[in-house]
Each structure stands twice: as structure tokens, then as C-alpha cells.
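Dear colleague,

Please find below the structure that I promised to hand over. I would be grateful if you could look through it before reading my notes.

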Amino acid sequence: GAQPSAQAWLVVEDDGPGIPAAQRDKVFDPYFTTKATGTGLGLAIVRKIALDHDGDVGLEDRPGGGTRFVLTLPRTTGGAPPRRSFVTFSSRLS
């Protein structure tokens, strides 16, 4: 079978206020939310799917403000060479 050779990264970031340090350890917990509506399941589901595929997801401060989520999944030999993909969301309209 194919052997793992590298990781694929998907990076999603925004330029919002960021996530307070006191809440960072909780954002992947099921039912944790800071919003008045919603279930707090989104990031818990993302992490579960990542872990089920031998990957993970984490977060960090984005330089200049905001939050960066990094999803990593194992790659197998063959296919395109490794690259880092970024998706950035901005609250500013251009």
C-alpha cells in the first residue's frame, strides 16, 4: 500500500478580534460556544473527522490580528507535491 510521505495542510484564517486565550482550550469541545445561537458542534466535528483520518486541527493567533486554524492530514506517495493552502476571510469589504 501507499506509505505516508508528508502532510497536507489547509489553513483558514480571519482578521477578526481573535479567540481569547482562556477559550482556546475549549473551542474544539462539543457544545462549547460563545454565541447566543448555534450548537457549538462545528469545530468538534472538524477535529473528529481530522483525527479519524490520522490528522488534527489546531489554532493560533494570526499575525496582524485574528485567528488561524490549521488542519493537517497525512499524504501518501504519488500525486502533487506538498503545498500550503490559505483561505483568508476579512470583515472588510474591498
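Please note that the model is predicted.

Two backbone angles deserve attention. In general, most residues other than glycine have a negative phi. Asp54, which is not a glycine, has a positive phi of about 60°. Tyr31 also has a positive phi, near 75°, and is likewise a residue other than glycine. Tyr31 is found in the loop between α1 (21-24) and α2 (42-52).

Are these two residues buried or exposed? Exposed means over 50% relative accessible area. Tyr31 has a relative accessible area of 61%, so it counts as exposed. Asp54 is exposed as well, because its relative accessibility is 68%.

Beyond its neighbours within four places in sequence, Ile19 is in contact with Arg24, Val27, Leu59, Thr67 and Phe69.

Finally, the largest pocket has a volume of about 480 Å³. It is lined by 19 residues, of which Val27, Thr33, Thr34, Lys35 and Leu43 are the closest to its centre. The lining comprises 9 nonpolar, 9 polar and 1 charged residues. The element that gives the most to this lining is α2, with 3 residues.

Yours sincerely

Technical notes: Residues numbered from 1 in each chain as written. Predicted model: local features only at pLDDT ≥ 70, side-chain atom pairs only at ≥ 80, totals over all residues. Heavy atoms only, no water. Contact = heavy atoms within 4.5 Å. Helix = DSSP H or I, 4+ residues; strand = E, 2+ residues; numbered from the N terminus. Buried < 20%, exposed > 50% of the residue type's maximum accessible area, 1.4 Å probe, protein only. 1 Å grid on protein atoms, 1.4 Å probe; cavity = no way out; pocket = protein on both sides within 12 Å on 5 of 7 lines; lining within 4 Å. Points joined across faces, edges and corners; volume = space filled by probe spheres on them. Nonpolar A, V, L, I, M, F, W, Y, C, P; charged D, E, K, R; others polar.
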